[in-house]
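Subject: Structure handover and findings

Hello,

Here is the structure I promised to pass on. My notes on it follow directly below.

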Amino acid sequence: MPRSEDRRTLLEAAAAGALGPLTAAPAYAQPAAAQEPAVSPSATPSSAPPRALPGPEVRGTRLTTTADTDIGTPANTVRTVQRLAAMGLNAVYVEIRKKGHTRFPSAVLERAIGVRERPGGARQDPSDGALERPARDLLEETLIEAYRNGLHHLVWFGHGFVVAHSGFAWMNPLHPETRCILLDLTRGAIGRYDLDGVQFDDRIVWPGPSVGHDTFTRQLYAAEHEGRAPQEVARDPAWMKWRATKLDAVGREFFRELRSAMRPAMLPSFSPAVSPWPCKNYRPDWPLCSSRPEVEYFGEVVPQAHRLSYPAFEATWREQRQGLQRREGACSAHELVAGIRRDGDGRDSSWERLRDSIARTRTLGRGGHMPWFSRSALQPIEREPRQFYGGTVAQPRFAPDWRRKSRPPVAAEEAARVGLQRWKLPAQLRGEDRRRRRPIARAARGPWRCLRDLEPAPGRPLPVAGAPEAMDALELLIDRRHG
């Protein structure tokens, strides 16, 4: 994959809609006919199975600033994550890149467009309230709160090849430079933060069958077809087959390189639209991708079974499992994690429908579930899920104690009294345990922040330059980058 020292022109042109290998398309919501399959009229929520005793399972939700205020401010982030943990969830998937900017400092983004992250004072969503000054490192902010509360934290690159929001402005996935940008942004997050995983969804493809007739793609097609240009008909069989083959190769290359950048315990996650719709429209066939153990595409697959009724959800979920079971060598259908919709576009569904859908996933597999999105679990049904779960359970792909809650060190009172620069790591933390602990500090009851580049030694002051004088709390997080 070729690299470039300066990709400023590429992304600036993309953001302006002037890039050759970029395509523009409307938001790719599935048509109503594709969303709601025909189901038996007799299938009702009352026919759902009784609650099964849970074992290890994914209980996750996504955190986003789009049409939601759950992480709209640092104070909101603290409250939201505490409530999700108390409810019984064990994972959050945080959107940290959209509309051309990252929500963490990125040298890759700075080389490309001249800014390191979403600028403070920039309004990107209609729901944006008070503008943020200075810019927030939303990745670190949510990561700290997740780990303080014992939750797993995965970053969600939901916008994939989308770089602007004017319908959607979509970079061409076949262009090597665009893949390199997305991969380098992801590598930057992996290298800087102690992540548990990375999730992509179906925005790492083309947005539809009519897209891809730009000059770059047509020339690439002609070079492989003795100079013949593709047919102008969007669903020409030869053109569709070629696109599918190319996207499959891109996916294998992308996830192979992503895995090489990840630590062994990190989880690569993929959340596609439900099959067979993406195969007919976007052209990636996720059950096929999942059936290649030698490629090891994904450690977790979360089909977006975002249906408006329980019968429609049940029919869709059975279809996803059956499609995967028909693939020789596929990952176990029992490991699929269900994306379940409670609110969003259209009418909200009830807690009873969400409960019955969760129960059905447990009888059809043990992978887990992910309500879309945090607002689905918190407003206004927080009490019901807490009673339903009755506590938390382990993640199936991590050790039970992988993310233990942070704790104040033995000498926390001394730290608050003498100031951070003079505080000494407790002598009880020695050797391997000391290397796995990362101090976090809070100044004047503001947001927590990691104290980076530390190698604290028992009995010696923390070597922190420019640390906050008005520190009122200090805790130690488990840092899994050290094993």
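The buried residues of α5 are L138, L139, E140, E141, T142, L143, I144, E145, A146, Y147 and R148. Buried means under 20% relative accessible area, exposed means over 50%, and partly exposed lies in between (1.4 Å probe, protein chains only). That makes 11 of 11 residues in α5, which spans 138-148. Helices (H or I, at least four residues) and strands (E, at least two) are DSSP runs, numbered from the N terminus. After α5 comes G150, with a positive phi near 75 degrees.

Two notes on the source. This is a predicted model: local features need pLDDT of at least 70, side-chain atom pairs count only at pLDDT 80 or more, and totals for chains, interfaces and linings use all residues. Residues are numbered from 1 along each chain as its sequence is written, and side-chain values use heavy atoms, with hydrogens and water left out.

The sheet

Nine strands form an open sheet with parallel pairing. The order is β11-β10-β9-β6-β3-β2-β14-β13-β12. Two strands pair if DSSP finds at least two bridges between them. The edges are β11 (300-301) and β12 (304-305), each pairing on one side only.

Strand β9 covers residues 197-201. Five of its five residues are buried, so β9 is largely enclosed by the rest of the structure. G197, Q199 and D201 point one way from β9, while V198 and F200 point the other way.

Four bridges join β9 to β6 (residues 152-157). W156 stands opposite Q199 of β9, and V155 has V198 of β9 as its bridge partner. Five bridges join β9 to β10 (residues 267-271). There, P268 of β10 is the bridge partner of V198.

Helices on the sheet

α5 lies across β3 (91-95) and β6. α5 runs at about 155 degrees to β6. Axes are lines fitted to C-alpha atoms, for helices over the stretch in contact, and angles run from 0 to 180 degrees between N-to-C directions. Contact means heavy atoms within 4.5 Å. Helix α12 (residues 351-364) also packs on the sheet. α12 touches β2 (58-63), β13 and β14 (368-372), and its direction makes about 165 degrees with that of β13.

A helix pair

Two packed helices are described by the angle between their axes and the distance between the axes. The axes of α7 (residues 215-223) and α8 (residues 237-261) come within 12 Å and cross at roughly 100 degrees. That makes α7 roughly perpendicular to α8. Angles of 65 to 115 degrees count as roughly perpendicular, under 35 as roughly parallel, over 145 as roughly antiparallel, and the rest as oblique. T217, L220 and Y221 of α7 meet A238, W239 and W242 of α8. By class, the contact has five nonpolar, one polar and no charged residues. Ala, Val, Leu, Ile, Met, Phe, Trp, Tyr, Cys and Pro count as nonpolar, Asp, Glu, Lys and Arg as charged, and the others, Gly among them, as polar.

Salt bridges

A salt bridge is a side-chain nitrogen of Lys or Arg within 4 Å of a carboxyl oxygen of Asp or Glu. By this rule there are 23.

One of them joins R83 and E382, with the closest N and O atoms 2.7 Å apart. This pair links distant parts of the chain, 299 residues apart. R83 sits in helix α3 (residues 74-87), and E382 in the loop between α13 (374-378) and α14 (383-389). R83 is partly exposed, at 29% relative accessible area. E382 is buried, at 17%.

E335 is partly exposed at 39% relative accessible area, and R397 is partly exposed at 27%. Salt bridges that share partners also join D194, D196, R263 and R403 into one network.

Best wishes
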